[in-house]
Amino acid sequence: MTDKAVIAAHDVHRSFDSGKHVLRGVDLDIPRGSVVGLLGKNAAGKSTLLKCILGLLRIDEGTMRVFGEDAWWLSAESKARLGYVPQEVKLYPWMRVRQMIAYTAAFYPSWNSAMVDRLVREWELPPDDRIGPLSVGQLQKLAIILALGHEPELLVLDEPVASLDPVARRDFLRAILEFTQNENRTILFSTHITSDLERVADRVAILRGGRIVFHDGLDTLKESVKRLRITAAEELPPTFAVRGSLHMEVAGRSALVAIAEANDRLIDELRTQWDATIDVEDLSLEDIFLEMHHVG
């Protein structure tokens, strides 16, 4: 773990009583001040990984450290530096919104009441309504506000916008951008909405097969993964292959290849070997995710 890493996971494994081995050697260092989007297919283990980071699940093997401490034995002082929004929000249904906010605030030595009041107004939450009848979207808004109120150093969000409409999602992203103006704050969030991730994240971690298969800057990912449209002088053979390809379709003289680490040298080699013309296409984050999982 480096001095700047808020989260440091090394060779983390986690299985369940059902025998399912969800995490199979996760390595992940998250630097202070970064906004990291965690991507993975359904049931890839994103929620499990987040819960291991928070000390809500105990890992079977490896090491998991947060703020330099073992995540399972995290001190009360370090826990007070965390904010968390789970995928399924459960709050006391008999409380009113304002009571839930006051109850949560009492657990922290510092609470930004002005920010919380502003978000309640802007997100149109009814402070005097009981929590029980609130919609799923309203519950998610409230959970986000509760997680932001004490201005945590590390904010962990599990599918935070899954139940929000487009307007609420825009408001949430604006709040996240405001929150990250402080360089000491770190955010790790899982999401399926890649367009939202592109707006706020500076790093991407991709979980596949129980391991982190990519973790680096968002720009680095977009620069490295490209789609090549290859047109050769003659029909391509059944053995046609491209080093580092993620997904490939071949038909006659043409090939469409998604490649993990595109570079000029590789492209020049393909041009020469197959006497081909090659067009290089940029990909959106959604396209990259689909190509890395061989979907579509």
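This is a predicted model: local features need pLDDT of at least 70, side-chain atom pairs count only at pLDDT 80 or more; totals for chains, interfaces and linings use all residues.
Residues are numbered from 1 along each chain as its sequence is written, and side-chain values use heavy atoms, with hydrogens and water left out.

The chain has 10 helices and 14 strands, these being DSSP runs numbered from the N terminus (helices H or I, at least four residues; strands E, at least two). Taken along the principal axes, its C-alpha atoms fill a box of roughly 75 × 40 × 40 Å. Of the 296 residues, 47% are buried, where buried means under 20% relative accessible area, exposed over 50%, and partly exposed in between (1.4 Å probe, protein chains only). Among contacts with a separation of 6 or more, 66% join residues 24 or more positions apart, a contact being heavy atoms within 4.5 Å.

The chain is divided into domain 1 (5-219) and domain 2 (225-292), with bounds that come from an automatic or database domain assignment. Their C-alpha centres lie 38 Å apart, and 11 residues of domain 1 are in contact with 4 residues of domain 2. The area buried between domain 1 and domain 2 is about 680 Å², and carbon and sulfur atoms give 77% of this area; buried area is the accessible area (1.4 Å probe) that two parts lose on being put together, summed over both. Thr 194, Ile 206 and Arg 208 supply 52% of what domain 1 buries against domain 2, more than any other three residues. Across this interface the rule finds 0 salt bridges, a salt bridge being a side-chain nitrogen of Lys or Arg within 4 Å of a carboxyl oxygen of Asp or Glu.

Glu 151, in the loop between α5 (136-148) and β7 (154-158), has a positive phi of about 50° although it is not a glycine, and Glu 151 counts as partly exposed because its relative accessibility is 30%. Asp 275, which is found in the loop between α9 (264-274) and β14 (277-281), likewise is not a glycine and has a positive phi of about 45°; at 57% relative accessibility, Asp 275 counts as exposed.
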